[in-house]
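Please read the points below beside the sequence and the model.

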There are 2 protein chains.
Amino acid sequence: MAETLERKELEDLQDGLARVRELLRRQRLVESLVHRTEGPRHDLEESLVQRQHQAELRRELDDMHPADIAFILEALPIEERLAVWDLVKAERDGEILLEVSDAVRETLIADMDRQELVAAAETLDADELADLAPDLPDDVFQDVFRALPVEEREQLRAAMSYPEDAVGALMDFEVVSVRDDVTLEVVARYLRRFDELPDHTDQVFVVDRKEYLKGALPLSRLVVNDPERPVEQVMLAEPFTLYADDKAQDAAQAFERYDLISAAVVDRRGRLLGRVTVNAVLDFVRERSEAELLSQAGLREGEDVFAPVWQSVKNRWGWLAINLVTAFVASRVIGAFEGSIEKLVALAALMPIVAGIGGNSGNQTITMIVRALALGQIQPEQARKLFAKEVGVALVNGLVWGGLLGLLAFWLYGNWKLGIVMTAAMALNLLLAAVMGVAIPVAMAKLGRDPAIGSSVMITACTDSGGFFIFLGLATLFLL
Amino acid sequence: MAETLERKELEDLQDGLARVRELLRRQRLVESLVHRTEGPRHDLEESLVQRQHQAELRRELDDMHPADIAFILEALPIEERLAVWDLVKAERDGEILLEVSDAVRETLIADMDRQELVAAAETLDADELADLAPDLPDDVFQDVFRALPVEEREQLRAAMSYPEDAVGALMDFEVVSVRDDVTLEVVARYLRRFDELPDHTDQVFVVDRKEYLKGALPLSRLVVNDPERPVEQVMLAEPFTLYADDKAQDAAQAFERYDLISAAVVDRRGRLLGRVTVNAVLDFVRERSEAELLSQAGLREGEDVFAPVWQSVKNRWGWLAINLVTAFVASRVIGAFEGSIEKLVALAALMPIVAGIGGNSGNQTITMIVRALALGQIQPEQARKLFAKEVGVALVNGLVWGGLLGLLAFWLYGNWKLGIVMTAAMALNLLLAAVMGVAIPVAMAKLGRDPAIGSSVMITACTDSGGFFIFLGLATLFLL
């Protein structure tokens, strides 16, 4: 890719988008003129103008990098998006489908007929096809699969057999491999037979007759060493390698930690299967952090900003339903104390503060613990140490903020006992937040679940219902 | 780095951590024995055993990659961390300080004396020093700066002159450059004079006499082309380049989009300043997404999980203070309706549901809009279209969830007017959430501020106070 890139200012992309928008606008203008003046003469004339605009737009798109076209497609409302999509050269469809987000990909695929889809899919490598496969209609996939050469069919089957979070799902098959008993000169001559090496080839892999991985020969070693030396002497004898069933997350951390560009993927017996490159890792890291941010806000997946309303509703529905249940539970806790609130209505005004601050504090704790667990920095066994620290933080915050709120309550309602109840409730709810903020993610990790998912709802449910219960309970005991 | 890596299972890292812990445990055991049996004979005997353990630990650490030592330091409580830190070879201190998180770096630097710090800093390149500089005591930095050769001093000054979010801050100076009028053979001979090329050298840069960038020669082109050809014919004449004052975020997107491994950085006149590599970009992407997740949960920065309590308190204080203010405002809104609540106490139990669901829905909207703005997929000008969509989603949700809650309220309290007020309040608060969920980030973007920061607090403040006001206001108007 990089090799075919032209010097491109970053602002160019925004310019490109603006130009596409302008051309679309002009085209629409023409269309609306045609509709208004239905005469046959006008028709002809205007459609000529329109065709000119289309040709211009097509030229513009032909010059663009597939990733840039993907960007523009994502940034256009659905109707204009499909107008542009129709103008893209058919042989580039496959690449572009790989670059757009899942939500936008759906809209594009829905616009293509079976034949177009088969043609687009056939331009892709096996590992790319594996990424696209879940979004393709079954019959299209079958057609493409049958048309593949045997070797690629095997690769596709292999790539699709790995779960999304395994190294196998990040793997591609564009490996260049050489034997260990030749000289660098021979390797150099072999490489010169390629027109171009696969992207991200920073090293070629060294294998024996049976494809077992023996080492890796970085190009930078190839170019700095004497051509007469044998590969065996120059190669890394124990290169960093991954198993296809390793966790993708672990592979990403290794790439980051050891600054890798590519790594060999082997099966459990040591046979070379493929490689993972840093660009696949970069995409993975970005997508994962994206997914985490979205799930924290209760969105099931990335949304096409221009999606129809009902699609957005579906995407957000699950989370709202869960929150409705937890809010309802909290509401029933309050309901149990209606008698107390009737007698001292100030409780109604103060109780959301106790619940709210508890929720914030709990989310701070849980976020920190979840991240430390994900990085492997803490083990569930260290829970006691973490409890101690978080309880300490909660006590400090409880006394300071609780004390402040107690004073406020006293100042507002002139009732010092109310102030003390407020302070105590605040401190206790912060303690609850601290304990649950550690306990929830640690328990989830021990149960083998991903603590990043759902932790935030659970802690908020605890501190809401718990906060109302503590505050109203203490008030009932000591004030009434 | 990658070249010196040994075959290392991912689990090895956890094993390494376990071994270090075990050795520390044994050492502590010995120490405690020494303290209990103070006799001189015991002393001698035990200190021998202890020294053995130390030597073993030191050997273990010497074999580890600096990033792995950094990982272990982060995962150890402070006392054990410093014990391990003292055993690390002094010449590796600099590299390791670069790898640990800011919070942990502070604890390590606090443990070193001036001389150790100067020695550690002197092992680093100019761009690495620039990263470390903010954490170094002033006098140490001055010492190191004065000891640098003139060229590196210039580089350090340059690297430190860029803001943290500029390409200049990601840049390193390990560029290999060649002239365009030589043959590939000459380039190959020149490269062979290196013992090792700098990490991530996927291309050498082609410059003229005055260091103006003319092109780039990927190593993969160098190895596949005939050695007799001149560089000029083989190089990329218009490689992707960055300006030192481009936004780091834009550079990261370009690396991801165009699958780059390295890119030249030039000044505005086209002179080669340095390069950015994909590993710097990967670190940047990871750190940024980390910071976003943390700031969403109200943490100022990443915490050392084993930090003392007061340090954590400081890190979390600001957010709690802001939330206290917004919770207080919401509480005063309720306070204004105390008369209504006294007459119909069911309001107190139902009002948190209206506020809570509004907050969740608003956060969903704002998260989606913030991300689309950050990716450049939507322009603030398209606000009207987004409003329309979000209002549509809010109406659907308002009718469905609001209706459901209205039924619940009727079922609980047998008051159908209360049910209708509940439904109406829910729908209106979801509309408020939708409008503010678009308006807040779009307004922030128009004002040139980062919409990712603070949006979530603002929307929650709106839906809390707004939800209470709408629900209690409607109730006061129609029920009492």
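1. Chain A holds 22 helices and six strands; helices (H or I, at least four residues) and strands (E, at least two) are DSSP runs, numbered from the N terminus. The radius of gyration of chain A, taken over C-alpha atoms, is 30 Å. This is well over the 23 Å that the globule rule gives for 480 residues, so chain A is more spread out than a compact globule; the rule is 2.2 Å times the number of residues to the power 0.38.

2. On provenance, this is a predicted model, in which local features need pLDDT of at least 70, side-chain atom pairs count only at pLDDT 80 or more, and totals for chains, interfaces and linings use all residues. Residues are numbered from 1 along each chain as its sequence is written, while chains are lettered from A and ligands numbered from 1 in the order in which they are written.

3. Along the principal axes, the C-alpha atoms of chain A fill a box of roughly 90 × 80 × 40 Å. Of its 480 residues, 46% count as buried; a residue is buried if 20 or more other C-beta atoms lie within 10 Å of its own, exposed if 12 or fewer, and partly exposed in between, with C-beta atoms placed from the backbone. Two residues are in contact if their C-beta atoms, placed from the backbone, lie within 7 Å. Among the contacts in chain A with a separation of 6 or more, 69% are between residues 24 or more positions apart.

4. Chain A has an open sheet of three strands in the order S4-S5-S6, with mixed pairing; two strands pair if DSSP finds at least two bridges between them. Strands S4 (241–243) and S6 (272–277) of chain A stand at the edges with a single partner strand each, so one side of each lacks a neighbour in the sheet. Neighbouring strands of the sheet are turned by 35° against each other on average, direction ignored.

5. Within that sheet, strand S5 (residues 262–266) of chain A runs antiparallel to S6(A) and is joined to it by five bridges. A:Ala263 stands opposite A:Val276 in S6(A). Helix H16 (residues 278–296) of chain A lies across S5 and S6 of chain A, at about 60° to S6(A); axes are lines fitted to C-alpha atoms, for helices over the stretch in contact, and angles run from 0 to 180 degrees between N-to-C directions.

6. The contact between the chains takes 106 residues from chain B and 105 residues from chain A. The side of chain B that touches chain A has 57 nonpolar, 24 polar and 25 charged residues; Ala, Val, Leu, Ile, Met, Phe, Trp, Tyr, Cys and Pro count as nonpolar, Asp, Glu, Lys and Arg as charged, and the others, Gly among them, as polar. The copies meet through the same surface, because 99% of the interface residues of chain B are also interface residues in chain A.

7. A:His200, in the loop between helix H12 (184–192) and strand S2 (203–207) of chain A, has a positive phi of about 65° although it is not a glycine. A:His200 is buried, with 24 other C-beta atoms within 10 Å. B:Gly302 lies in the loop between helices H16 (278–296) and H17 (309–335) of chain B and counts as buried, with 21 C-beta neighbours inside 10 Å.
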